Amino acid sequence: MTLWFVFALMTAAAAFAVLWPLGRGSRALISGSETVIYTDQLAEIERDVSAGLIAKPDADAARVEISRRLLTAADSTRDAPSGVSLGSRRVVSVLALVGLPAMAAAFYLPLGSPHMADVPVAARRGPATVNQPMDNLVAQVEAHLEKNPTDGRGWTVLAPVLAKLDRYEDAARAYRNAITYAGETSDRRADLGEALTGVANGVVTSDAKTEFERAAALDADNAKARYFLGLATEQDGRGADAAAIWRAMLAKAGPDAQWRTVVQQALARVGGAAMPPPSQDAIAAASGMNEGDRTAMIRGMVEGLATRLKADGSDVEGWLRLMRAYMVLGDRDQAKRAEGDARAALGADADGLKRLDDGVKSLGLNG
Amino acid sequence: MTRKQRRLTMIGGALCVLAIAAGLVLNALRDSIVFFSTPAMVSEKKIQPGTRFRLGGMVEQGSLKRGDNLAVSFTVSDGSATLPVTFKGILPDLFREGQGVVAEGAIDPAGVFKADTVLAKHDENYMPKEVADALKKQGRWQEGADGKPVIGVSDSAQPKPVVTQ
Amino acid sequence: MIAEVGHYALVLALALALIQATVPVVGAYVRDAALMTVARSAALAQLLFVLVSFGALTALYVTSDFSVVNVVENSHSLKPLLYKITGVWGNHEGSMLLWVSILALFGGLVAAFGANLPLSLRAHVLAVQAWIATAFYLFILITSNPFLRTLNPPLEGRDLNPVLQDIGLAVHPPMLYLGYVGFSISFSFAVAALIEGRIDAAWARWVRPWTLMAWICLTLGIAMGSYWAYYELGWGGWWFWDPVENASLMPWLSGTALLHSAVVMEKRNALKVWTILLAILTFSLSLLGTFLVRSGVLTSVHAFATDPTRGVFILLILCVFIGGSLALYAWRASALKQGGLFAPLSREGALVLNNLFLTTACATVFIGTLYPLALEVVSGDKISVGAPFFNLTFAPLFVPLMLAMPFGPLLAWKRGDIAGASQRLMAAAIAALIAMAVLWAWTSGGASLAPLAIGLAVFVIGGALSDLVERTQLFRAPFATAMRRAQGLPRATWGTVFAHAGVGVALIGIVCETTWNTEYIGALKPGGVATVGGYALRLDGLTQQQGPNFRAQIATFSVRNGNGDEIGVMTPSKRNFTARASSTTEAALLTRGFSQLYVSLGEVTADGGQSVRIYHKPLVLLIWFGPLLMAFGGLLSLSDRRLRVGAPKPAKQARGLQPAE
């Protein structure tokens, strides 16, 4: 409502600017004229002569010339604007009062979005924080690190969180800083490589590959580094070499290694060997966190994801991820509830619903 | 001098200056402009060694070699033909393998393009217009929604690290 | 609400411009003073609304409102405040909004300070100004609207191209636009004169301050742009004959010609038809510059993301305004009365010569810029016209211009005494010969052109000083008299002296930089030493540093002069911006007098060396110091009291117009 009021005020001001001169009589009107300029030029010659800047004959010639111009100008002085065309003034008044608002409306209404409120970043980060503890926390840590960019421990904490939030670019930066300020470790190098891979949508770029190679150089048994090096080889089109790398990993590892299934799955993909059915817990398993940390992290992530989906429910993959996460946390009821929410949010999106059904089936939620 | 004579003097002077300028322009246009070619056009038009021109195309993957004393060599390709290029000096910030490039120089008798300038780009999305046009003609250029070349990433490569558990 | 208020204000400005474009013309036709005065209040209101609109867009950038598409595409919430603000005009839509804001600003200034103009002339000038404004408001609203919203605001923006995150961007484009758009006033005056069918010496004086203002801004804008390219692009070049640079040089050349021909018109009532044509051409070239940058017909550093509809729209504006004004010119110019007579050898003659060379030089730049386009359309061949072309055409035309330059101010109006002028320039000529001889001996037969060019520059500077000496009669009259005379000199005369000397100063810088520039390009390992121009630079070490949104590789050089004394430390760096996967080179500069040492980094070589470019550029700063002098001369001239007379209420209004005092 305020907006329309402001618009009305602005329109009134514009109309007033057009109407104002019409209402004033002609007495207040100032009009310059050529004669003033020529009179001044004559005075200028007098000054130049008295200062000795020009010679007397030149001055006389100039004076004659300017006087002639002055006379001509005085003769043909623009006739004082005497006309008062009431008819035209009336037309202009109508133009200002009707035409101007109409023109403004005709342009603004198809182009503008008067129903939309402002969405400054500050406002979004402010009140929204109540619903988004995770984002808020991250923002706080980021703000802290912006002021203290050499806090290596801070970067170490932040980096994996950013990676989980899919903010791979920021995560890569954070890992780099962690390496710079908290020291280089094999894990950090490998994590950095993973983040860079995330940036490239799953392609192990040469930058990422360099990081994995460094990680492997620091610790030849770093599972993540070796897994991704295998992946890089696969993406280079050398499936057999990749399989060799992964087979070597499996041979070396104990049967209880958390990343076993991931590697087996990958091996199956390149046709290296038939392996047990795929399991969903791919990357996190390889990251080798301890159980407590991981559960805490997941709870945080799940809450963030749930909030995001509440705001924008069109993300089928997101819903599936959420349900899967509840299942893993052993909370079947929550998962069911999430499925209901997803169906409600997707509404008429037939394609989305179909994908959701497929996903739910593979989760075994109904079974 | 009468008014007419003065006028003629001035017009004559102006014409003289314009004639000189026209001469300078024509002379300069003959000697100091450089044409733009892609490797395919080089063989097609049989450009003579020693003729300066601008070579445009993509830097071929894996072709960049650095030698001593800032000497570099790489291969420029336009999809149908390639041309080896040598250059001595510092390459611009955004010079990459697999990216568009424009080099200025001439072919030596051995058929190697000796560049004395490799043009800097100022934006990672920027593709020299000549190169884009030439590649488009050959159907090698797919334009994405935002004008970037589309890089195909097969889905099988690797699911991106997702938030599972 | 901010976005919508800004959007609506822009629409209202369009509506007001439409009224301002028509009502005053009708008013002048029926001779109704009130209707003519509508131009004034409408222009002021239009300025107000455009400022609201521009302010709103700035506020949206500052608060990072990502519901506005333009903000999303060009900003980032973590960007420093300064770059959030400069980011407003770092993109196509925002810079067009700045363009119309400046257009409205000039309209508003004419409305506010144009009280010394005859009412009908003012009405016509403002109406023509509103025609231009209407065209550009429509362009912005239809093809480049900065206020469009998105229903799903993303959490973060896409950031600004790192090359553009620089203080140079904060000042260079606004300055350039002030120049470009400022010439719209001369254009409006010219078209108004053609409509009214009368033009006389007074017209030239009314236009002069506006032309001068635009010229000063354009001079500074071009100089800043050149310095920015010099230190930001990392290869030490300061002028590339890039099409967009040429686009700003062309209006400068014809604008300079306009300034000079307007003097003839003001003093002698001559060259009227020519001056009108120059005013039209100058603004047409400004419009052409806008078209070249926006339409995507040229590729260049400066080209914004382009879109064919925009190009077509601007081409349409270009055709309507250039074609329309030239048609009007062809139709009405013959009706204008002939002016005063003069001999070829006179001040007028010298100024005609100046105009001749400046416009011809402008024409060669025009050909060099547009010939490749024309050829591609006609034959499909792609060519590039670079520095060699301009060196062969532009430079030879500037030599006679500079030779004649010192003579102009020494010649009398109407009929000049060339022998007398030569005599008075004897001192300058001798100084030039000495400079040539000394340089010749010193460089012992190196580049033979350079001493000649330096001699020419010394002649120009000496000529400017001779003019001053002549007018104050220094060395002839007692010192006190000379000082008194110096104080009595019109400021415009001082302005001429400074501006002409500035040309000479810039030429010295250009010649020294291109001739005696020494460079070292190679790879250095820590501890390695490179010797350039008598200075020894030792690479002390390489470090990595983390910036807010980039990683920097920093090299530290300690610099020693010929005596082995350490004179400074230079730290060039290379920044990698991960977000856009791009890098920039930050050159390090060490200034010694007017000379500079320049270091920029290349990549790291295979054997662990750091490749570097090191230049020693003697007297390079004079290249930009010259334009500064020219602009200062322009300011002095602008503050001349003669430009202020004639207003019915002179004292009050003059002060507002002349901030330089």
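Modeller: In this predicted model, the part to look at lies in chain C, where the axes of helix α12 (residues 347-379) of chain C and helix α13 (residues 387-404) of chain C come within 10 Å and cross at roughly 170°. Because angles over 145 degrees count as roughly antiparallel, α12(C) is roughly antiparallel to α13(C). On the side of α12(C), the contact is made by C:Ala350, C:Leu353, C:Asn354, C:Phe357, C:Leu358, C:Thr360, C:Ala361, C:Thr364, C:Val365 and C:Gly368, while α13(C) contributes C:Phe389, C:Phe390, C:Thr393, C:Phe394, C:Leu397, C:Phe398, C:Pro400, C:Leu401 and C:Ala404. Sorted by class, the residues of this contact between α12(C) and α13(C) are 14 nonpolar and five polar, with no charged residue among them.

Turning to the surroundings, chain C also touches chain A, in a contact that takes 65 residues from chain A and 66 residues from chain C. Several helices of chain A, namely α1 (2-23), α2 (34-50), α3 (56-75), α4 (86-111), α5 (121-125) and α8 (168-182), each supply at least two residues of the side that touches chain C, and α1(A) gives the most, with 13 residues. That side of chain A has 38 nonpolar, 14 polar and 13 charged residues.

As for chain A itself, its secondary structure comes to 18 helices and zero strands, and 34% of its 367 residues count as buried. Among contacts in chain A between residues at least 6 apart in sequence, 49% join residues at least 24 apart.

Note on methods: Residues are numbered from 1 along each chain as its sequence is written. Chains are lettered from A and ligands numbered from 1 in the order in which they are written. This is a predicted model: local features need pLDDT of at least 70, side-chain atom pairs count only at pLDDT 80 or more; totals for chains, interfaces and linings use all residues. Axes are lines fitted to C-alpha atoms, for helices over the stretch in contact, and angles run from 0 to 180 degrees between N-to-C directions. Helices (H or I, at least four residues) and strands (E, at least two) are DSSP runs, numbered from the N terminus. Angles under 35 degrees count as roughly parallel, over 145 as roughly antiparallel, 65 to 115 as roughly perpendicular and the rest as oblique. Two residues are in contact if their C-beta atoms, placed from the backbone, lie within 7 Å. Ala, Val, Leu, Ile, Met, Phe, Trp, Tyr, Cys and Pro count as nonpolar, Asp, Glu, Lys and Arg as charged, and the others, Gly among them, as polar. A residue is buried if 20 or more other C-beta atoms lie within 10 Å of its own, exposed if 12 or fewer, and partly exposed in between; C-beta atoms are placed from the backbone.
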